[in-house]
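Reader: Can you walk me through this one? I'd like to go from the inside out, ligand included.

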Amino acid sequence: MAQIQIVYGSNSGNTQMVCKYVASFLKEHGHQVEMARGEHFPEDKLTGHDLLILACGTYEHGELEDHFRYHFWPRIQKLDLAGQKSAVIGLGDSKYDTDYNIESGRILAAYIESHNGALIHENLMINKCPLAQLETKVQDWTNELNKKI
Ligand SMILES: Cc1cc2nc3c(=O)[nH]c(=O)nc-3n(C[C@H](O)[C@H](O)[C@H](O)COP(=O)(O)O)c2cc1C
């Protein structure tokens, strides 16, 4: 059993929905999973997990969701993730921006790599409403992730 921390940013609830699905799947597979919004999460608790999952929606032409961006992101910039095993979930919608579609996923992955974390799985990148993708793309991704934990 692994101890897994999910930290997410979500405005309209899509990222939260995906994280809940992922958390529920991993719990069903015997893991202990905690979920927290970034703006409520203490930065000194970001490391020390068997797996950290960062997740966020994209806004304003390729920026992170506002709560996450202003009340969490600045607090974690000086951290050393020191090999923390990690995975990333990014959401976006190409109808808002094709150039910066799901940029959040790329921002989160770049953060982990540049702060000495270890990405153990490809990013889950969700374009458009995730509801119809939960039982397909999200489930497949989580299933593959579970094999690497
Ligand atoms: C005002 C606004 C701006 C957005 N800008 C982008 C963007 O630049 N790139 C992108 O891929 N998606 C963009 N999106 C789409 C959201 O990222 C997408 O709906 C996502 O699922 C929202 O996640 P959340 O519900 O967890 O906040 C935008 C949505 C809104 C409402």
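Author: What follows covers the cores, the ligand site, some loop residues and the ring pairs. This is a predicted model, in which local features need pLDDT of at least 70, side-chain atom pairs count only at pLDDT 80 or more, and totals for chains, interfaces and linings use all residues. Residues are numbered from 1 along each chain as its sequence is written, and side-chain values use heavy atoms, with hydrogens and water left out.

Reader: OK, which residues touch the most other members in the largest nonpolar core?

Author: I4, I6, V18, V22, I53, I89 and V138, out of 25 residues in that core. A nonpolar core here is a set of buried Ala, Val, Leu, Ile, Met, Phe, Trp, Tyr and Cys residues joined through side-chain atoms within 4.5 Å. Buried means under 20% relative accessible area, exposed over 50%, and partly exposed in between, using a 1.4 Å probe and protein chains only.

Reader: And which elements give two or more residues to it?

Author: β1 (3-9), α1 (14-28), β3 (51-59), β5 (85-92), β7 (124-127) and α4 (134-148). The biggest giver is α1, with seven residues. Helices (H or I, at least four residues) and strands (E, at least two) are DSSP runs, numbered from the N terminus.

Reader: What does V22 touch?

Author: Leaving out residues up to four places away in sequence, V22 touches I6, I53, I89, V138, W141 and T142. Contact means heavy atoms within 4.5 Å. There is also a second, separate core of 18 residues, and W73, L81, A109 and Y111 are among them.

Reader: Switching to the ligand. Which residues come nearest?

Author: S10, S12, T15, T58 and Y59, out of 20 residues around the ligand. A residue counts as near if one of its heavy atoms lies within 4 Å of the molecule.

Reader: Where do backbone atoms come in?

Author: H61 has a backbone N or O atom 3.1 Å from an oxygen atom of the ligand. For Y100, a backbone N or O atom lies 3.2 Å from a ligand nitrogen atom. A polar backbone atom of I102 is 2.8 Å from an oxygen atom of the ligand.

Reader: How much of the ligand does the protein bury?

Author: 83% of the 650 Å² that the ligand exposes when taken alone. Those areas come from the Shrake-Rupley method with a 1.4 Å probe.

Reader: Back to H61. Where is it, and what's its phi?

Author: H61 sits in the loop between β3 and β4 (63-64). Its phi is near 60°, a positive value in a residue other than glycine. Most residues other than glycine have a negative phi. H61 is exposed, with a relative accessible area of 57%.

Reader: What about A82?

Author: A82 also isn't a glycine, and has a positive phi of about 45°. A82 is in the loop between α2 (66-71) and β5, and is exposed at 60% relative accessible area.

Reader: Last topic: how many aromatic pairs are there?

Author: Three. Rings of Phe, Tyr and Trp (its six-membered ring) pair if their centres lie within 6.5 Å; planes under 30 degrees apart count as stacked, over 60 as edge-to-face and the rest as tilted. W73 and Y111 have ring centres 4.9 Å apart and planes at 50°, so that pair is tilted.

Reader: Where do those two sit in the chain?

Author: W73 is in the loop between α2 and β5, while Y111 is in helix α3, 38 residues apart. Both are buried. Ring pairs link F68, F72, W73 and Y111 into a cluster.

Methods:
Polar contact = N/O pair within 3.5 Å; in protein donor to acceptor, adjacent residues only side chain to side chain.
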